[in-house]
Amino acid sequence: MKINLLSCDAQRPDKRAIAKCIAEISSNMDDSLSNELTDILLEGDPVDIEIDDKNSSSAFRSLRKLGIDYEIVE
């Protein structure tokens, strides 16, 4: 399943927690790429990632907990 991470509405976004979350929920992503995507997201640009269908509910819960807005593409 593909999702777009649109923005982060948290008062003080935790860069390390966001990068860790992106690395955990996405399929085939390493830590350096998740750090780069976190920087892009926090600058205000949307980011596309692919997640496994079986982990989607926990992934969405983690994103909401971090204050990340997302939309489902596929």
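In which strand is the place of Cys8? Cys8 belongs to strand S1, which covers residues 2-8.

## Basis of the report

This is a predicted model, in which local features need pLDDT of at least 70 and side-chain atom pairs count only at pLDDT 80 or more, while totals for chains, interfaces and linings use all residues. Residues are numbered from 1 along each chain as its sequence is written, and side-chain values use heavy atoms, with hydrogens and water left out.

Helices (H or I, at least four residues) and strands (E, at least two) are DSSP runs, numbered from the N terminus. Accessible areas come from the Shrake-Rupley method with a 1.4 Å probe, and for residues only the protein chains shown count as cover. A residue is called buried under 20% relative accessible area, exposed over 50%, and partly exposed in between (1.4 Å probe, protein chains only). Contact means heavy atoms within 4.5 Å.

Apart from its neighbours within four places in sequence, Cys8 is in contact with Pro13, Ile18, Leu42, Leu66, Gly67 and Ile68. The C-alpha atoms of Cys8 and Gly44 are separated by 8.0 Å, although these residues are 36 residues apart along the chain.

Asn4 also has its place in strand S1. Its relative accessible area is 13%, so Asn4 is buried. With neighbours within four places in sequence left aside, the contacts of Asn4 are Val47, Asp48, Asp69, Tyr70, Glu71 and Val73.

Val47, one of the contacts of Asn4, is found in strand S2, which spans 47-50. Val47 counts as buried because its relative accessibility is 3%. Leaving aside neighbours within four places in sequence, Val47 is in contact with Ile3, Asn4, Leu5, Leu37, Ile40 and Leu41. Between the C-alpha atoms of Val47 and Arg12, 35 residues apart along the chain, the separation is 19 Å.

## Helix H1

Helix H1 covers residues 15-25. Its buried residues include Ile18, Ala19, Cys21, Ile22, Ala23 and Ile25. The buried residues of H1 pack against S1, H2, S2, H3 and strand S3 (68-72). An α-helix has 3.6 residues a turn, so residues three or four places apart point the same way.

Not counting residues up to four places away in sequence, Cys21 touches Ser62, Leu63 and Leu66. Cys21 and Ile68 are 47 residues apart in sequence and 11 Å apart in space, C-alpha to C-alpha. Glu24 is likewise found in helix H1, but its relative accessibility is 58%, so Glu24 counts as exposed.

## The salt bridge

Side chains of opposite charge can pair when their charged atoms come close. A salt bridge is a side-chain nitrogen of Lys or Arg within 4 Å of a carboxyl oxygen of Asp or Glu. By this rule the count is one salt bridge. Asp39 forms a salt bridge with Lys15, and the closest N and O atoms are 2.8 Å apart. The pair links distant parts of the chain, as Asp39 lies in helix H2 (residues 31-42) and Lys15 in helix H1, 24 residues apart.

Asp39 counts as partly exposed because its relative accessibility is 31%. Lys15, at 45% relative accessibility, also counts as partly exposed.

## Most residues other than glycine have a negative phi, and most peptide bonds are trans. The phi of Asn28, however, is near 60 degrees, a positive value in a residue other than glycine. Asn28 has a relative accessible area of 80% and is therefore exposed.

Asp53 has its place in the loop between strand S2 and helix H3 (56-65). With a relative accessible area of 54%, Asp53 is exposed. Ser56, in contrast, is in helix H3 and is buried, because its relative accessible area is 14%. Ser56 touches Met1 and Ile51, not counting residues up to four places away in sequence.

## A negative surface patch

Which residues form a negative surface patch? The patch is formed by Glu50, Asp52, Asp53 and Glu74. Patches are made of residues with over 30% relative accessible area and no salt bridge; like charges are joined within 9 Å, and nonpolar side chains (Val, Leu, Ile, Met, Phe, Trp, Tyr) within 5 Å. Lys and Arg count as positive and Asp and Glu as negative, whereas His and the chain ends are not counted. The place of a charge is taken as NZ of Lys, CZ of Arg, CG of Asp or CD of Glu.
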